[in-house]
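Colleague: Before I use this model, I would like to go through the terms applied to it. Please set each value against its cut-off.

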Amino acid sequence: MKEVYQSNEDISVVGDTLEEMVREGARRMLAAALEEEVDIFLGRERYERSDDFRGYRNGYHRSRELTVGVSAVEVKAPRVSDVPADVSPDGYKSKIVKRYERTSRQTQELFRKLYMEGLSTGDFEPVFRELVGETTALSANAIVRLKSRWEDEYRAWRRSRLDSRRYAYIWADGVYLGAGGDREKTALLCVVGAGEDGTKELLGMELGYRESTESWSGVLRGLRDRG
């Protein structure tokens with residue numbers, strides 16, 4: 001590592017990196033939830049057969065933008081064809097997509113907050129529940145499956161080695177989840193690294209106190225242990 005510093009630029013770099021993570025995380029979560037929703041509607045997973053015919057997968061609709069978190073993400077919703085009229089007279093329509101055609105700013109901010117909390121704690125179930133809403137066709141078991149896959153990826157990221165990569169710059173900042181900047185509030189203590197090609201990535205994140213040397217020491221020790 002060539003240089004470690006903290007300046008006013010940290011706020012922008014760390015904030016932008018987190019927003020990009022939320023955006024990409026929302027896109028991937030939404031895509032996974034849409035696939036799960038189709039599996040539940042058809043009563044079978046992809047490539048499985050069933051005696052109870054409810055239609056069949058037929059590729060994807062055109063990409064469209066849905067606002068999740070605080071920005072728009074592009075997704076392709078699965079298409080289902082030949083749905084019997086006694087199953088659904090209007091064919092298959094995603095309840096999740098419909099939810100995001102009329103989402104509120106408050107819902108967007110809540111998703112962002114829950115996702116960032118998930119990054120710090122590893123618990124993504126509240127994120128998925130907020131993502132799909134209470135009226136969606138996803139069952140409790142489906143949400144558990146989705147969040148389990150996500151948490152497996154999260155644990156792999158937390159354990160990933162850093163000694164195989166070189167970073168030209170390191171930025172560090174504490175980000176408050178709620179409004180205001182009360183020093184008594186816990187914050188997400190984030191460290192972002194820029195590779196020699198300029199690509200930025202989140203290296204570590206822990207809950208702690210923004211002005212606490214002890215909290216930041218814990219974050220840096222975690223990075224040291226990963227190389």
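Colleague: What percentage of the residues of the protein count as buried?

Modeller: The model is a predicted one. Of its 227 residues, 42% count as buried, where buried stands for a relative accessible area under 20%. The accessible surface comes to about 12900 Å², with 45% of that belonging to carbon and sulfur atoms.

Colleague: Which elements make up the secondary structure of the protein?

Modeller: There are six helices and seven strands. Read from the N terminus, the order is α-β-β-β-β-α-α-α-α-β-β-β-α. Among contacts with a separation of 6 or more, 62% are between residues 24 or more positions apart.

Colleague: Which residues meet where H4 packs on H5?

Modeller: From H4 they are Glu125, Phe128, Arg129 and Val132; from H5, Ile143, Leu146, Lys147, Trp150 and Glu151. By class, this contact has five nonpolar, no polar and four charged residues. The buried residues of H4 are Val127, Phe128, Glu130, Leu131 and Val132. Just after H4 comes Gly133, with a positive phi of about 80°.

Colleague: What makes Leu146 count as buried?

Modeller: Leu146, a residue of helix H5, has a relative accessibility of 2%. The limit is under 20%, so Leu146 counts as buried. Apart from neighbours within four places in sequence, Leu146 is in contact with Ala32, Ala33, Glu36, Phe128 and Leu138. Phe128 is 18 residues from Leu146 along the chain, and their C-alpha atoms are separated by 7.7 Å.

Colleague: How do you know whether Ser120 is buried or exposed?

Modeller: The relative accessible area of Ser120 is 9%. That value is under 20%, so Ser120 is buried. Ser120 is found in helix H3, residues 105-121. Neighbours within four places aside, Ser120 is in contact with Tyr154, Leu188, Met205 and Leu207. Ser120 and Gly204 are 84 residues apart in sequence, with a C-alpha to C-alpha distance of 9.1 Å.

Colleague: Ser88 is found in a loop. Is Ser88 buried or exposed?

Modeller: Ser88 has a relative accessible area of 14%. With the limit at under 20%, Ser88 is buried. The loop that holds Ser88 runs between S4 and H2. Not counting residues up to four places away in sequence, Ser88 touches Phe41 and Val83. Between Ser88 and Arg54 there are 8.7 Å in space, C-alpha to C-alpha, and the two are 34 residues apart in sequence.

Colleague: What is the phi of Asp82, and is this residue buried or exposed?

Modeller: Asp82 has a positive phi of about 55°, although it is not a glycine. Most residues other than glycine have a negative phi. The place of Asp82 is in the loop between strand S4 (78-81) and helix H2 (95-100). Its relative accessible area is 53%. Exposed requires over 50%, so Asp82 is exposed.

Notes. Residues numbered from 1 in each chain as written. Predicted model: local features only at pLDDT ≥ 70, side-chain atom pairs only at ≥ 80, totals over all residues. Heavy atoms only, no water. Contact = heavy atoms within 4.5 Å. Helix = DSSP H or I, 4+ residues; strand = E, 2+ residues; numbered from the N terminus. Nonpolar A, V, L, I, M, F, W, Y, C, P; charged D, E, K, R; others polar. Buried < 20%, exposed > 50% of the residue type's maximum accessible area, 1.4 Å probe, protein only. Areas by Shrake-Rupley, 256 points an atom, 1.4 Å probe, with all protein chains shown as cover.
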